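Here is a short briefing on one structure.

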Amino acid sequence: MLFRSATLTDEIAALTKGLEELDASVKEAMETRKEENEDYTTTMASNTAAKATSVEDNATARVNLEDDTYGIASDHVTVGRDLDLDATVGLDSSADAQSVSGDADADVEIDWEEISAWQSNGEVTIEGGATINAAVDGLLEASSNTTSGEATSDINLSNTPVIGVDAVEDVVDVNGNLEMEASVSVDGTASASNTDSGSATANIEGDNFLGAITEDLDVAGDSTRTAAVDLNFNSDANSTANDATATVEFVDAFGLVDGQNAAGVGRGLGALIGGDASIDAAATVNADASASTVGGNALAQNGEFTPF
């Protein structure tokens with residue numbers, strides 16, 4: 001009996017040790033798998049609103065965003081096997097100003113260095129394949145209304161490029177296949193209304209809108225890239241007895257740009273694809289400016305831009 005008890009104790013101890021070693025082995029395998037295949041998934045959301053209401057005084061509603069926003073910002077990235085990157089930036093900003101006899105001023109101002117779903121600041125090396133999905137979605141609204149004062153609504157992104165994939169700092173090297181989908185979609189509405197004797201001004205101003213931009217892209221296998229910019233801007237000014245001015249202005253809208261740096265200078269090698277290549281790039285722009293008045297001057301203007 002003593003012999004059997006000792007043997008049973010030894011067997012239990014050996015079994016316990018074996019389970020502990022198995023747990024350690026599984027954990028190590030999971031860590032190794034994690035190192036070999038990188039999975040980046042992030043969603044950045046910015047929701048801001050301002051509202052001001054006054055009877056006799058001025059009403060000012062202002063949304064002022066001054067911090068850079070990135071879904072993913074990376075320096076040097078090295079992946080032993082496959083990369084799966086999914087980055088989204090969502091912007092939802094509104095300003096609403098209402099006054100009876102004073103001025104009404106509604107502003108949405110974004111003064112950032114850049115808005116991008118994925119910004120790469122260094123060399124990217126992927127030993128396997130890469131699947132990249134990057135999107136920026138924006139909804140911007142500015143509304144002002146007054147009876148006898150001045151009504152002004154502004155949406156200003158004039159110093160802030162909006163980019164889905166920004167890889168202009170260094171080389172992106174993919175040793176397998178590449179599937180990339182990048183998009184920028186922004187809806188902006190500025191409306192200003194005066195129902196008695198004041199003026200009404202509605203303005204939308206933007207910078208560059210880029211679905212994807214790369215300097216040096218090197219893909220050993222096949223490459224499928226989809227890049228799109230979709231802009232819908234509406235500026236509307238109405239005054240009963242004074243001037244009404246509505247404008248929409250921005251610089252560029254590009255679906256896809258290869259072989260350029262951040263300043264738009266073509267110093268890079270562009271895209272080198274070892275296998276089959278498929279590109280679907282589009283920039284869609286709907287820009288409307290409308291101004292109406294009874295006794296004043298009306299000016300509606302769409303500024304110049306370069307779609308691709």
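Phe-209 and Phe-233 are both buried, meaning under 20% relative accessible area, with exposed over 50% and partly exposed in between (1.4 Å probe, protein chains only). The model is predicted: local features need pLDDT of at least 70, side-chain atom pairs count only at pLDDT 80 or more, and totals for chains, interfaces and linings use all residues. Residues are numbered from 1 along each chain as its sequence is written, and side-chain values use heavy atoms, with hydrogens and water left out.

**Aromatic pairs**

- The whole structure holds three aromatic pairs. Rings of Phe, Tyr and Trp (its six-membered ring) pair if their centres lie within 6.5 Å; planes under 30 degrees apart count as stacked, over 60 as edge-to-face and the rest as tilted.
- Phe-209 and Phe-233 make a tilted pair, 6.0 Å centre to centre with 55° between the planes.
- Phe-209 sits in strand S14 (residues 208–219) and Phe-233 in strand S15, so this pair ties together parts 24 residues apart in sequence. Strands (E, at least two residues) are DSSP runs, numbered from the N terminus.
- The rings of Phe-209 and Phe-250 have centres 5.8 Å apart and planes at 90°, so they pair edge-to-face.
- That pair links distant parts of the chain, 41 residues apart: Phe-209 is in strand S14, while Phe-250 is in the loop between strand S16 (244–249) and strand S17 (252–258).
- Phe-209 has a relative accessible area of 0%. Phe-250 is at 5% and counts as buried.
- Phe-209, Phe-233 and Phe-250 form one aromatic cluster.

**Nonpolar cores**

- The largest nonpolar core has 66 residues. Such a core is a set of buried Ala, Val, Leu, Ile, Met, Phe, Trp, Tyr and Cys residues joined through side-chain atoms within 4.5 Å.
- Ile-115, Ile-155, Val-165, Phe-209, Leu-231, Phe-233 and Phe-250 touch the most other members of that largest core.
- Another core, of five residues, lies apart from it, with Ile-163, Val-168, Leu-210 and Ile-213 among them.
- Leu-231 touches Val-186, Phe-209, Phe-250, Ala-253, Thr-284, Val-285 and Asn-286, not counting residues up to four places away in sequence. Contact means heavy atoms within 4.5 Å.

**Ala-228**

- Ala-228 is in strand S15 (residues 223–239).
- Its relative accessibility is 29%, so Ala-228 counts as partly exposed.
- Leaving out residues up to four places away in sequence, Ala-228 touches Ala-182, Ser-183, Val-184, Gly-211, Gly-255 and Ala-282.
- Ala-228 and Ala-135 are 93 residues apart in sequence and 9.5 Å apart in space, C-alpha to C-alpha.

How values were computed. Helices (H or I, at least four residues) and strands (E, at least two) are DSSP runs, numbered from the N terminus.
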